[in-house]
Amino acid sequence: MSFDIQKILRPHLRNFKAYSSARTEYTGKDAIFLDANENPFGSASGELLNRYPDPLQSQLKVKIAQLKGIASEQVFIGNGSDEVIDLLFRAFCNPEIDNVIICPPTYGMYETSAHLNNVHIKEVLLTRDFQLQTEQVIAAIDDHTKMIFICNPNNPTGNLFHDEDIRSIVSSFNGIVVIDEAYIDFSNVSSWISQLKKYPNIVVMQTLSKAWGMAGIRVGMAFSSQEITKILTSIKPPYNVSALAQQAALKALENEAVKLEMAEVIMQENSRLISVFEKLNYVQKIYPTHANFILLKVDDPNRLYQYLTSHQVVVRNRNTTALCEGCVRISVGTPDENEELLKWMLAYQ
Ligand SMILES: Cc1ncc(COP(=O)(O)O)c(C=O)c1O
């Protein structure tokens, strides 16, 4: 493998001049800031939000880097992982020319972002038991393949891929392998972050939206080489993470024990739900899960979906997704919410 980030980068970005503000150029102490057309008095809300946030989210990055055991220069923060996905496309894929490989069924935003950026998609379906078709993925790589997306644990299937399969894809590819670990906090495996030194071509994504319970603030993280982090930083919108989001994220990250506790309860509830699903005669298959959701194959998914919706229980109908025909995906709720779900599922004929 000979990975050269400059070869992957879109040519017009090689000498790209990132947006720069007077605030980031100023390195002195407290000053009178008359550079950004802000309101000097304060905020109509009563909170102190009249100033633009730190565009580099320095404090937050230091905290995240500490937690993950890497350098803060290897941390990129996006307005959710969804922004990270979009920025990766913008950085590395030339519209109409380049392609990415995705392995459906998987998280839908890889495809949506590819379409939005007018980038070709090569699909290599998972196997029937939702594992990677490693050889086919590697065979699909061509001179214009810039990225391969691997979601581990995978959404909507919930399973983990074999480590050696991911490893052979990563080591056979001169482009970027995006390893999306949005659900890793619910699993018992270690993150690919530990492999960043060995594999300069991986970008590991995580998010505060799942186990940390912070979906409302939109904070997603990408861990990669300093070169890749620099590229993403240079092309992002200047203030992509709001002051409120940065403050709330810092506060949440101080409470890792709370996250661990919530994730544990969610996974206990996950097992409890499965033990009841096993008794339902219209449930044909319960797929093994390492995430906070369960994929179920049922007799008539559209009917079950409608029935649950009519009782104000909203699940995800995955019936039209390749390899998920007949399936619904159910997120694990609180014990009370799960009780309500089970009540209706037990009553369903
Ligand atoms: C696999 C996966 N990645 C990323 C995301 C989005 O994360 P964020 O909320 O950080 O944009 C989701 C959301 O459902 C997801 O399932």
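What share of the 349 residues in the chain is buried?

1. Overall burial. Buried residues account for 36% of the 349 residues in the chain. The model discussed in this note is a predicted one.

2. Overall dimensions. The radius of gyration of the chain is 22 Å, which agrees with the value near 20 Å that a compact globule of 349 residues would have. Along its principal axes, the C-alpha trace spans about 70 × 55 × 35 Å.

3. Secondary structure and contacts. The chain contains 12 helices and 11 strands. Of the contacts between residues at least 6 apart in sequence, 68% join residues that are at least 24 apart.

4. Helices H4 and H5. Helix H4 covers residues 81-92 and helix H5 covers residues 109-116; their axes come within 9 Å and cross at roughly 40°. The crossing of H4 and H5 is right-handed.

5. Residues between H4 and H5. On the H4 side, the contact involves Asp82, Ile85, Asp86 and Phe89, which meet Met109, Tyr110, Ser113 and Ala114 of H5. Sorted by class, this contact has 5 nonpolar, 1 polar and 2 charged residues.

6. Helices H3 and H9. Helix H3 (residues 58-68) packs with helix H9 (residues 243-253) at an angle of about 25°, and their axes are 10 Å apart. H3 is thus roughly parallel to H9, since angles under 35 degrees count as roughly parallel. The crossing in which H3 passes H9 is left-handed.

7. Residues between H3 and H9. From H3, the residues Gln59, Leu60, Lys63, Ile64 and Leu67 meet Gln246, Ala249, Leu250 and Leu253 in H9. By class, the contact has 6 nonpolar, 2 polar and 1 charged residues.

8. Pro335. Is Pro335 buried or exposed? Pro335 lies in helix H12, which comprises residues 335-347. There are 12 other C-beta atoms within 10 Å of Pro335, and the residue is therefore exposed, because the exposed class takes in residues with 12 or fewer such atoms. Pro335 and Asn270 are 65 residues apart along the chain, and their C-alpha atoms are separated by 9.9 Å.

How values were computed
Residues are numbered from 1 along each chain as its sequence is written. This is a predicted model: local features need pLDDT of at least 70, side-chain atom pairs count only at pLDDT 80 or more; totals for chains, interfaces and linings use all residues. Helices (H or I, at least four residues) and strands (E, at least two) are DSSP runs, numbered from the N terminus. The radius of gyration is taken over C-alpha atoms; the globule rule is 2.2 Å times the number of residues to the power 0.38. A residue is buried if 20 or more other C-beta atoms lie within 10 Å of its own, exposed if 12 or fewer, and partly exposed in between; C-beta atoms are placed from the backbone. Two residues are in contact if their C-beta atoms, placed from the backbone, lie within 7 Å. Axes are lines fitted to C-alpha atoms, for helices over the stretch in contact, and angles run from 0 to 180 degrees between N-to-C directions. A crossing is left-handed if the near helix is turned anticlockwise from the far one by less than a right angle, and right-handed if clockwise. Ala, Val, Leu, Ile, Met, Phe, Trp, Tyr, Cys and Pro count as nonpolar, Asp, Glu, Lys and Arg as charged, and the others, Gly among them, as polar. Angles under 35 degrees count as roughly parallel, over 145 as roughly antiparallel, 65 to 115 as roughly perpendicular and the rest as oblique.
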